[in-house]
Amino acid sequence: MEMAEEIKKMSPDANVTIVEMQTHCLQLVYDADFCLLAEKAMEDQGINILTNEQVVGLEGKEYVQKVLLASKKEIKADCVILGIGCTPNTALSEATGLK
């Protein structure tokens, strides 16, 4: 969401869309009320938000031209930024006895 906001600040005419698999953006960190406020703030800046949606593919020849969604919708794209999260590998620290 930070990247979307910064892109929109740098290029106000840019068409920026956030695709979120969850019911709300940021819902893994915040409660629903805050998530709704954050989404509204983004939409007020002209950022499109698609929730309950999943990216299933990227299309293009030399560069990405389309984002394909599970709902069969397509989004034209010049640039795609993936923020898919991660799970830390804590095996080494656990093996050494660190908590």
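A salt bridge is a side-chain nitrogen of Lys or Arg within 4 Å of a carboxyl oxygen of Asp or Glu. The model on screen is predicted, and by this rule it holds 4 salt bridges. This tour visits some of them.

Start by selecting Lys66 and Glu74. Their closest N and O atoms are 3.1 Å apart, which makes the pair a salt bridge because the cut-off is 4 Å. Glu74 is partly exposed, at 48% relative accessibility. Lys66 is also partly exposed, with a value of 29%.

Glu59 counts as partly exposed, with a relative accessibility of 36%.

Next, go to helix 1, which covers residues 2-10. Select Lys9 and Glu6, a salt bridge whose closest N and O atoms are 3.4 Å apart. How many residues apart are the two in the helix? Lys9 and Glu6 are 3 residues apart, so about one helical turn separates them.

Finally, colour this pair by accessibility. Is Lys9 buried or exposed? Lys9 is exposed, with a relative accessible area of 53%; the cut-off for exposed is over 50%.

Conventions:
Residues are numbered from 1 along each chain as its sequence is written. This is a predicted model: local features need pLDDT of at least 70, side-chain atom pairs count only at pLDDT 80 or more; totals for chains, interfaces and linings use all residues. Side-chain values use heavy atoms; hydrogens and water are left out. Helices (H or I, at least four residues) and strands (E, at least two) are DSSP runs, numbered from the N terminus. Buried means under 20% relative accessible area, exposed over 50%, partly exposed in between (1.4 Å probe, protein chains only).
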